Amino acid sequence: MPTLTRRVHRAAAGAVALAAAGVLAPAAPAAAAAPASVTSVTSAPLVAGLYQSAYSERNDALWATASVGQPPAAVTRSRLVRLDPDTLEVEAAYDAPRDPGDGTIEAVYGIDVDDEHNTVWVTNTRDDSVAVYSQRTGRHLATVPGVAHAREVVVDEKRDLVWATAYGSGSVVAFDSRTYEEVRRVTVEGAGPTGLAVDERTGAVHAADFTHDRVIRITPRSDVPRLIPTGDGPLSVSLSTDGRTAYTADQGAGTVSVVDLRAGEVTRSIPTGEGAKSVATHPRSGQVLVVNRLAGSVSVVAPRTGTVTGTVVTAALPNHVQVRDDGTAYVLDKSASGPDGEDRVTRIVLAAR
């Protein structure tokens with residue numbers, strides 16, 4: 001998503017590499033050396049302007065967002081891209097629509113899939129909205145306004161809810177995944193919510209507050225969120241399998257914070273690399289993966305011991321990571337290192353634990 005700014009000593013949260021408009025590229029996977037905690041590493045060029053990805057178990061597909069054009073420049077192209085998660089080949093790409101009012105492209109950035117309703121939800125960060133697409137056809141189904149600087153989106157299939165962070169208004173907003181209507185909005189004055197995670201067992205939602213170094217925890221039964229301190233500059237948040245622990249990628253500190261949600265405190269701060277930006281948890285093993293944007297790497301972390309068990313070097317400016325249940329992770333970068341200036345996807349298969 002477009003650049004966020006903070007105090008001078010912190011790097012810009014959304015800094016991106018210069019990206020030229022690209023064309024769909026056939027995957028040419030390249031294998032790389034893997035640490036002991038990883039079985040294999042494969043990389044392939046995709047398209048320019050990659051941001052985030054989400055895996056659909058229902059369709060066995062990896063969806064990615066791509067938008068070319070860094071503010072203040074206009075977006076010149078934005079697409080939803082569907083990949084084969086095994087070969088990393090592009091199966092389809094769908095252009096984002098234009099705003100009927102001013103003709104600008106409704107550029108897509110954050111993403112999650114709703115396999116129950118066979119849809120894809122995205123954030124249109126520049127347009128202060130979220131949008132819904134069909135997984136079956138890629139057709140744009142709806143755009144829902146009123147989400148200021150919408151950054152990330154996460155689906156709670158159990159409750160038919162979709163949550164989005166509104167960085168510009170300090171809000172976390174919920175929508176009905178069937179009707180697309182807004183059903184709840186929690187605003188924390190002065191907050192800058194970015195990353196987002198939901199505990200589907202309890203319905204509790206957790207947003208990383210990049211502005212105030214904390215996690216905003218929202219439960220179904222309370223309109224008053226709990227504010228839990230974390231590390232310096234948290235951009236992304238994920239949860240342990242039991243929902244008792246949160247992990248934040250702390251960009252300012254280059255660490256992952258291990259946060260005890262019951263006690264409301266950081267129990268470990270684990271150095272991973274400069275510009276920690278995105279974090280994801282493998283639900284079966286409990287391993288945590290952290291993208292270190294400025295270091296150009298992904299750290300595999302064992303949170304119980306507080307150790308980094310492996311580091312995978314990626315192309316420049318890795319941007320986002322997400323992990324399937326089987327231990328396969330996908331990292332998107334903004335390296336523009338493909339033969340025609342494409343950004344890349346790196347598939348990391350975690351070793352069994």
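**Labels and cut-offs**

Modeller: Let's start inside: β11 (150-156), β23 (276-281) and β27 (318-323) each give at least two residues to the lining of the largest cavity. Those strand names are DSSP runs numbered from the N terminus (E, at least two residues; helices would be H or I, at least four). Mind that this is a predicted model, where local features need pLDDT of at least 70 and side-chain atom pairs count only at pLDDT 80 or more, while totals for chains, interfaces and linings use all residues. Residues are numbered from 1 along each chain as its sequence is written, and side-chain values use heavy atoms, with hydrogens and water left out.

Biologist: What makes a space a cavity and not a pocket?

Modeller: On a 1 Å grid over the protein atoms alone, a cavity is a set of points where a 1.4 Å probe fits but cannot get out; a pocket is an open set with protein on both sides within 12 Å along at least five of seven lines, and a lining residue has an atom within 4 Å of a point. Points join across faces, edges and corners, and the volume is the space filled by probe spheres set on them. The search of the whole structure turns up one cavity of 30 Å³ or more, and the largest holds about 40 Å³.

Biologist: Which residues line the largest cavity, and how do they split by class?

Modeller: Q52, R151, E152, S236, K277, S278, N319 and H320. Five are polar, three charged and none nonpolar. For the classes, Ala, Val, Leu, Ile, Met, Phe, Trp, Tyr, Cys and Pro are nonpolar, Asp, Glu, Lys and Arg charged, and the others, Gly among them, polar.

Biologist: And what is the volume of the largest pocket?

Modeller: About 1300 Å³. It has 39 lining residues, with D112, V154, Q322, V323 and D325 the closest to its centre. Elements giving two or more residues to that lining include β3, β7 and β15 (193-199). By class the lining has 17 nonpolar, eleven polar and eleven charged residues. The second largest pocket, at about 360 Å³, has 18 lining residues, and Y247, S285, G286, P303 and R304 lie nearest its centre.

Biologist: On to rings. Why is the Y51 and Y109 pair called edge-to-face?

Modeller: Rings of Phe, Tyr and Trp (its six-membered ring) pair if their centres lie within 6.5 Å; planes under 30 degrees apart are stacked, over 60 edge-to-face, and the rest tilted. By this rule there are four aromatic pairs. Y51 and Y109 have centres 4.7 Å apart and planes at 80 degrees, so edge-to-face it is. Y51 sits in β3 (residues 50-56) and Y109 in the loop between β6 (90-95) and β7 (111-114), so the pair ties together parts 58 residues apart in sequence.

Biologist: How do you know whether W63 is buried or exposed?

Modeller: Buried means under 20% relative accessible area, exposed over 50%, partly exposed in between (1.4 Å probe, protein chains only). W63 comes out at 0%, so it is buried. D128, at 35%, is partly exposed.

Biologist: What puts K334 over the ring of Y51?

Modeller: The rule wants NZ of Lys or CZ of Arg within 6 Å of the ring centre and within 35 degrees of the ring normal. The charged end of K334 sits 3.6 Å from the centre of Y51, and R324 lies over the face of Y55 at 4.5 Å.

Biologist: Why do D326 and R324 count as a salt bridge?

Modeller: It takes a side-chain nitrogen of Lys or Arg within 4 Å of a carboxyl oxygen of Asp or Glu, and D326 and R324 meet at 2.6 Å, N to O. R324 has 11% relative accessible area, so it's buried, while D326, at 40%, is partly exposed. R77 and D95 also qualify, at 3.2 Å, and the rule gives eleven salt bridges.
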